[in-house]
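Visitor: I would like to learn how to read a few features of a fold. Please take them in turn.

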Amino acid sequence: MKQQLLNLFATPRDMTWEDILLNIMLAAVLGLFIFLSYALSHRGTIYSRKFNVSLVILAVLTGTVMTVIGNNIALSLGMVGALSIVRFRTAIKEPLDIAFLFWAIAAGIVLSAGMIPLAVFGSVVIGLVMLLFMNRKSKDNPFIAVISCRDYEAEKRAAEYLNKHVKKADIKSKTAQEGNIELNYEIRLLSDDTDFITELSQLEGVNSAVLVSYNGDYMG
């Protein structure tokens, strides 16, 4: 019984230096693949190269740590205890960034488990899905039109012009001050042509017109 208990806390297999180097190198290669996938599929406001580089480091780090732990219960419990006192303060604003984080972690774990074909094939499939869906451009993507008008008559002209040149226009906010009316519209374009916003800004009584891409969470 004592020997069986000790076996649970023993390393299940002896890894050679070749195995260790192979796991680390493959984790680095998959990390670079994740790096390229993130760079090509990113559609947020600001591309963070530091975050992207951290995905490569995370894949290698996870693979290294999991290679050391293996099926060793003592090391596993120690790792859980160590991670339980770590507090991460960086906020993840993009939901897709969380998916890339899990992808990097999963790649390291699967590689360290010795399932190299699964790690490679799974990463290729995920990368293709990301590139396929994130690179699709659609005129149905929402935009925010910020229009500044001098008076009520100019507001009506701007609204009529906007409704004629876009598929859909929903007013989201209106701020009225003496000599200025600011309107925020969520719009859907008829095509990729955005010249209408320039013509809108030249209407009588319109002070300015701004078109901003909108992803549903924040402007980008």
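Visitor: Which residues of the largest nonpolar core touch the most other members?

Guide: This is a predicted model. As a general idea, nonpolar side chains in soluble globular proteins tend to be buried together. Here the largest nonpolar core has 21 residues, and those that touch the most other members are Ile 147, Cys 149, Leu 162, Tyr 185, Ile 187, Phe 196 and Leu 200. Two or more residues each come from strand E1 (143-149), helix H7 (152-165), strand E2 (166-177), strand E3 (180-189), helix H8 (196-201) and strand E4 (206-213).

Visitor: Which residues does Leu 162 touch, not counting those up to four places away in sequence?

Guide: Leu 162 touches Ile 147, Ala 169, Tyr 185, Ile 187, Phe 196 and Leu 200. There is also a second, separate core of 14 residues, with Ala 59, Trp 103, Ala 107 and Met 130 among them.

Visitor: How many aromatic pairs does the structure hold?

Guide: The structure holds 4 aromatic pairs. In one of them, the ring centres of Phe 33 and Trp 103 are 6.1 Å apart and the planes meet at 80°. Planes over 60 degrees apart count as edge-to-face, so this pair of Phe 33 and Trp 103 is edge-to-face.

Visitor: Why does that pair tie together parts that are 70 residues apart in sequence?

Guide: Because Phe 33 belongs to helix H2 (residues 17-41) and Trp 103 to helix H5 (residues 95-112). Trp 103 is buried, at a relative accessible area of 6%, whereas Phe 33 has 29% relative accessibility and counts as partly exposed.

Visitor: What are the distance and angle for the pair of Tyr 38 and Phe 51?

Guide: Tyr 38 and Phe 51 are 5.3 Å apart centre to centre, with 55° between the planes, and the pair is tilted. Tyr 38 lies in helix H2 and Phe 51 in helix H3 (residues 49-69), so this pair ties together parts 13 residues apart in sequence. Both Tyr 38 and Phe 51 are buried. One aromatic cluster is formed by Phe 33, Tyr 38, Phe 51, Phe 100 and Trp 103.

Visitor: Turning to the strands, how many bridges join E1 to E3, and how many join E2 to E3?

Guide: E1 and E3 run antiparallel and are joined by 7 bridges. E2 and E3 also run antiparallel, with 10 bridges between them.

Visitor: How many of the residues in E3 are buried?

Guide: E3 is mostly covered, with 7 of its 10 residues buried. Asn 184 is in strand E3, and its relative accessible area is 18%. The cut-off for buried is under 20%, so Asn 184 counts as buried.

Visitor: Which side chain makes a polar contact with that of Asn 184?

Guide: The side chain of Ser 173 does, at 2.5 Å. Leaving aside neighbours within four places in sequence, Asn 184 is in contact with Ala 145, Val 146, Asp 170, Ile 171, Lys 172 and Ser 173.

Visitor: Where is Ser 191 placed?

Guide: Ser 191 is in the loop between E3 and H8. With a relative accessible area of 35%, Ser 191 is partly exposed. The C-alpha atoms of Ser 191 and Val 166 are separated by 8.3 Å, and these residues are 25 apart along the chain.

Technical notes
Residues numbered from 1 in each chain as written. Heavy atoms only, no water. Core = buried A, V, L, I, M, F, W, Y, C linked by side-chain atoms within 4.5 Å. Buried < 20%, exposed > 50% of the residue type's maximum accessible area, 1.4 Å probe, protein only. Helix = DSSP H or I, 4+ residues; strand = E, 2+ residues; numbered from the N terminus. Contact = heavy atoms within 4.5 Å. Phe/Tyr/Trp six-rings, centres within 6.5 Å; stacked < 30°, edge-to-face > 60°. Pairing = 2+ DSSP bridges. Polar contact = N/O pair within 3.5 Å; in protein donor to acceptor, adjacent residues only side chain to side chain.
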